[in-house]
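Student: Hey, could you walk me through this one? I'd like to start with the strands.

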Amino acid sequence: MSGATPKISVRGLKKSFGRKEVLRGVDLDVDEGASLVVIGGSGTGKSVLLKCILGLLPPDAGEIWIDGVNILKMSSFERRRRTREIGMLFQGSALFDSLKVWENIGFRLIHGEGKSAKAARIRATDCLAQVGLPKEVGELAPSELSGGMQKRVALARAIAADPKVLFFDEPTTGLDPITADVINRLIVERVKALGATAISITHDMISARRIADDIAMLHEGRIVWRGAAASISNSGNPYVDQFVNGRAEGPIKMALRVE
Amino acid sequence: MNPLAAIGRLTIGLLAEIGALSVFALRGAFAWVSGPFYTREFLNAAIRIGFNSLPVVGLTAIFTGAALALNIYDGSARFNAESFLPQILSVSIVRELGPGFAALMVAGRSSSGMAAELGAMRVSDQIDAMSTLAVDPFKYLISPRILATTMMLPFIVLVADIIGILGGWFVAVFALGFEGATYIRNIDQFLTTDDVVSGLIKAGVFGFLISVMGCYYGYKSRGGAQGVGGATRSAVVASAVAILASNYVMTSLFVGV
């Protein structure tokens with residue numbers, strides 16, 4: 001890691017729901033312009049981690065630094081201003097189903113920044129082109145699109161405000177391998193074009209390898225390994241090996257039945 | 001289990017819920033003050049809640065007025081007071097039944113609708129997505145609904161009052177032998193502005209409660225289709241209880257007892 005201040009830095013982040021400790025002290029740094037992929041099994045708190053950084057969930061303890069400022073120490077107004085600079089692609093796309101595609105993409109411009117509908121429509125068309133969709137798609141309702149198209153529109157919506165940070169929550173889950181590859185390529189391309197810092201969470205190893213500069217593994221609420229994406233196959237870490245090779249046997253114990 | 005501990009836990013849970021609900025209601029009612037105000041959302045909500053509720057509220061009112069006329073006639077005939085039918089009927093409707101029935105119908109229709117809509121948005125991450133797009137869900141989703149319902153319900157109740165009295169008039173004139181013009185004149189001379197206004201104030205409060213319950217349970221819903229179903233049910237039950245309880249409190253204030 002270089003001497004420069006990381007774009008995002010997480011220290012000792014803890015979050016519990018009732019008696020269930022989901023995050024038990026997560027430490028993570030992401031340098032400006034880098035792409036980090038967090039891997040880990042279902043229910044290990046990957047989404048919770050992103051939601052804490054986004055300010056959608058209040059953590060119980062720990063620090064979150066963005067551009068060298070601890071956002072948890074800020075007033076809620078200031079914090080909201082900071083976290084607004086993060087674009088997010090949600091797992092289920094989370095498109096507003098009562099609005100047309102172009103209104104979804106232009107939502108932030110129209111309702112968050114007070115721009116005119118005309119300007120938003122132009123921007124929406126531009127963003128659609130960036131994710132490889134024709135202008136006509138803008139007039140459709142989200143429910144008229146396939147899962148892959150919805151993901152593309154959600155990506156277009158996330159990049160519409162030229163964010164400096166992008167989060168991707170399971171970007172390829174539920175897509176066929178070919179569509180998944182298209183989405184992976186689009187993500188890499190758009191992140192590069194924006195010069196953005198990216199954090200993605202996934203359990204799809206093909207996707208992780210394609211998107212990541214660095215990979216970190218989250219297990220039982222802590223980061224158990226972190227390294228360059230290229231070194232994932234010979235990490236020497238038994239947790240990572242088990243996960244990457246998809247074996248039921250190993251240090252990670254899955255309950256086969258409810259005890 | 002220790003029964004005292006159970007009672008304590010229930011009480012604490014109830015107080016916490018009331019606290020959370022109050023904070024939510026205040027935030028929802030005033031979030032728009034610091035701008036922006038989403039006019040289109042407000043108008044959409046006003047049309048959906050106000051205008052689209054009119055048919056069902058009108059139907060309820062006309063049948064309530066008609067049945068009430070029969071009951072008042074039959075009851076007051078026992079002490080030869082049946083000529084006071086127009087007065088008793090009109091005051092019952094504008095003070096109590098118009099606001100009450102209209103609010104309960106709107107609760108069944110709109111409170112559940114809001115809870116289902118916001119609940120579906122919550123479980124599909126649309127509300128979180130809105131926050132990441134620099135739009136405060138309280139300003140965009142909650143405030144417009146609360147303001148629109150609170151402002152529309154008095155209008156709905158005014159219509160319900162008129163239709164309810166008309167329903168009574170039909171029965172009185174065509175079944176009970178009252179003279180149409182006299183019937184109206186009696187009401188006109190008897191009914192005071194305070195009678196009507198107190199009902200409309202009630203309506204405003206009911207509208208506020210209905211929308212707060214609908215939004216609160218929808219916004220807080222968790223866990224897929226079942227969670228949304230539960231939110232819808234809770235919203236309707238809570239709205240109905242809140243309407244009836246607040247109705248008693250307000251009535252006792254208006255009557256001064």
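Tutor: Two strands pair if DSSP finds at least two bridges between them. Strands (E, at least two residues) and helices (H or I, at least four) are DSSP runs, numbered from the N terminus. This is a predicted model, where local features need pLDDT of at least 70, side-chain atom pairs count only at pLDDT 80 or more, and totals for chains, interfaces and linings use all residues. Residues are numbered from 1 along each chain as its sequence is written, while chains are lettered from A and ligands numbered from 1 in the order in which they are written.

Student: Now β8 of chain A. Is it buried or exposed?

Tutor: Buried means 20 or more other C-beta atoms lie within 10 Å of a residue's own, exposed means 12 or fewer, and partly exposed is in between, with C-beta atoms placed from the backbone. Six of the six residues of β8(A) (197-202) are buried, so the strand is largely enclosed by the rest of the structure. A:Thr197, A:Ile199 and A:Ile201 point one way, while A:Ala198, A:Ser200 and A:Thr202 point the other way.

Student: Which strands pair with β8(A)?

Tutor: β3 (residues 35-39) of chain A is joined to β8(A) by five bridges, running parallel, and there A:Leu36 stands opposite A:Ile199. β7 (residues 165-169) of chain A also pairs with β8(A) in the parallel sense, over five bridges. In that pairing A:Asp169 is opposite A:Ile201. To get from β7(A) to β8(A), the chain passes through helix α7 (177-194) of chain A, in a right-handed β-α-β crossover. Right-handed here means that, with the strands pointing away from you, the path from the first strand over the helix to the second runs clockwise.

Student: Switching topic: how many residues of chain A are in contact with chain B?

Tutor: 15 residues of chain A, facing 13 residues of chain B. Contact means that the C-beta atoms, placed from the backbone, lie within 7 Å. On chain A's side, β6 (86-89) and α4 (107-112) are the elements that give two or more residues, and α4(A) gives the most, with four.

Student: What does β6(A) pair with?

Tutor: β6(A) pairs with β7(A) in the parallel sense over four bridges, with A:Ile86 opposite A:Val165.

Student: What about chain B, how many helices and strands are there?

Tutor: Nine helices and zero strands. The C-alpha trace of chain B spans about 65 × 55 × 35 Å along its principal axes, and 45% of its 257 residues count as buried.

Student: Can you pick one residue there?

Tutor: B:Leu68 is buried, because 21 other C-beta atoms lie within 10 Å. Leaving out residues up to four places away in sequence, B:Leu68 touches B:Leu89, B:Ser92, B:Leu97 and B:Gly168. B:Gly168 is 100 residues away along the chain, yet the C-alpha atoms of B:Leu68 and B:Gly168 are separated by 6.9 Å.

Note on methods:
Two residues are in contact if their C-beta atoms, placed from the backbone, lie within 7 Å.
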